[in-house]
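Please open the structure in a viewer and keep the selection tool at hand.

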Amino acid sequence: MLHAQHVTPLPENRSRPSPLGPPPTPFLLFPLHMEQASRLLPRPTPPSLPETTPPGLLFLLPPPLTPLPSPAGYDSDSDLVNLKITLLGDCHIGKTTFLIKYVGSEQEKRSLQMEGLNLMDKTQSVQGARISFRIWDVAGDKRSLDQIPIACKDAVAILIMFDLTSRCTLNSVVGWYSEARKWNQSAIPILIGTKFDDFVRLPPDVQRTIITQARAYARAMKATLFFSSATHNINVNKIFKFIMAKLFNLPWTVERNLTVGEPIIDF
Ligand SMILES: Nc1nc2c(ncn2[C@@H]2O[C@H](COP(=O)(O)OP(=O)(O)OP(=O)(O)O)[C@@H](O)[C@H]2O)c(=O)[nH]1
Ligand SMILES: [Mg+2]
């Protein structure tokens with residue numbers, strides 16, 4: 001477990017221009033097509049498109065183009081746009097289970113395993129572009145802390161995870177977040193509470209306490225908060241859909257859900 005460091009809480013009123021919130025970096029304002037997807041890496045002056053592109057406008061955009069050669073995060077030898085996503089959090093909170101639920105057991109067999117690291121790919125077609133997520137799952141034990149820099153560098157989203165039934169794993173998220181930000185200041189931050197299926201069996205007042213703390217941390221991290229269950233397939237695909245929508249400014253939104261007893265989504 002990492003030591004918690006200070007994160008300055010944000011003011012309560014966080015009005016945001018779109019239901020997805022503001023883009024985390026200046027280079028994520030693009031509607032999806034290949035040429036623009038290839039520009040996901042930071043560039044000095046992104047095109048000044050409106051933050052929310054009307055759905056109809058997507059059809060007026062030029063067809064996918066041959067990708068531009070570009071550095072990390074992008075595979076210039078194919079038409080694939082490779083995007084890196086990182087999972088962080090304490091031991092046994094369900095990171096690997098969550099990832100396997102998302103990529104599927106076939107992909108899991110092709111995973112790349114290294115000391116404290118587990119890499120899995122999932123490719124999706126989105127509006128004519130092929131997007132491949134390479135997901136870096138860092139083991140939560142102390143020996144794997146050395147993997148954090150390489151795992152976080154160039155990631156477009158960092159998923160900080162905790163076990164909803166284990167308060168100490170929630171306390172750790174601030175430390176994981178601070179550590180991740182040392183190596184990556186622009187990735188979309190997402191806070192995920194795992195094992196929602198077990199969590200809903202806890203007394204409601206315990207649930208409320210955890211919800212309140214998790215929401216406060218999410219606010220401080222400027223992260224979107226999801227409660228999920230890999231075993232019951234709750235909010236697993238939705239989280240990646242959210243990342244995709246946020247990266248490419250797709251006309252898709254998540255709905256806030258603050259009802260105790262339901263999987264919380266807050267932003
Ligand atoms: N009830 C419940 N148990 C889960 C869920 N997800 C994972 N688990 C269990 O939690 C335990 C730990 O899961 P892992 O996926 O190995 O956890 P991890 O975070 O990858 O752990 P490290 O690799 O050691 O950091 C396993 O026994 C899983 O079966 C879930 O959604 N609900
Ligand atoms: Mg694991």
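Select helix 8 together with helix 5 (167-171), helix 6 (173-183), strand 6 (188-194), strand 7 (224-227) and strand 8: these are the elements against which the buried residues of helix 8 pack in this predicted model. The buried residues themselves are Ile 210, Ile 211, Ala 214, Tyr 217, Ala 218 and Met 221. They lie on the same side of helix 8, because they cover an arc of only 135 degrees around the axis.

Next, turn to the face of helix 8 directed away from that buried side, where the exposed residues Pro 204, Asp 205, Arg 208 and Thr 212 are carried. Helix 8 comprises 18 residues, 204-221, and its first and last C-alpha atoms are 25 Å apart, close to the 26 Å expected at 1.5 Å a residue.

Proceed to Arg 256, in the loop between helix 9 (236-248) and strand 8 (265-266). Is this residue exposed, partly exposed or buried? Arg 256 counts as partly exposed, because it has 13 C-beta neighbours inside 10 Å. Leaving aside residues up to four places away in sequence, Arg 256 touches Ile 265, Asp 266 and Phe 267. The C-alpha atom of Thr 224, 32 residues away along the chain, is 9.8 Å from that of Arg 256.

Finally, select ligand 1 and the 16 residues around it, of which Gly 94, Lys 95, Thr 96, Thr 97 and Gly 140 come nearest. Helix 2 (95-103) and helix 7 (196-199) are the elements that each give two or more residues to this shell. The largest share, three residues, comes from helix 2. By class, the shell has eight polar, four nonpolar and four charged residues.

Conventions: Residues are numbered from 1 along each chain as its sequence is written. Chains are lettered from A and ligands numbered from 1 in the order in which they are written. This is a predicted model: local features need pLDDT of at least 70, side-chain atom pairs count only at pLDDT 80 or more; totals for chains, interfaces and linings use all residues. A residue is near a molecule or strand if its C-beta atom, placed from the backbone, lies within 6 Å of it. Helices (H or I, at least four residues) and strands (E, at least two) are DSSP runs, numbered from the N terminus. Ala, Val, Leu, Ile, Met, Phe, Trp, Tyr, Cys and Pro count as nonpolar, Asp, Glu, Lys and Arg as charged, and the others, Gly among them, as polar. A residue is buried if 20 or more other C-beta atoms lie within 10 Å of its own, exposed if 12 or fewer, and partly exposed in between; C-beta atoms are placed from the backbone. Two residues are in contact if their C-beta atoms, placed from the backbone, lie within 7 Å. The expected span of a helix is 1.5 Å times one less than its number of residues. The arc is that of the directions from the helix axis to the C-beta atoms.
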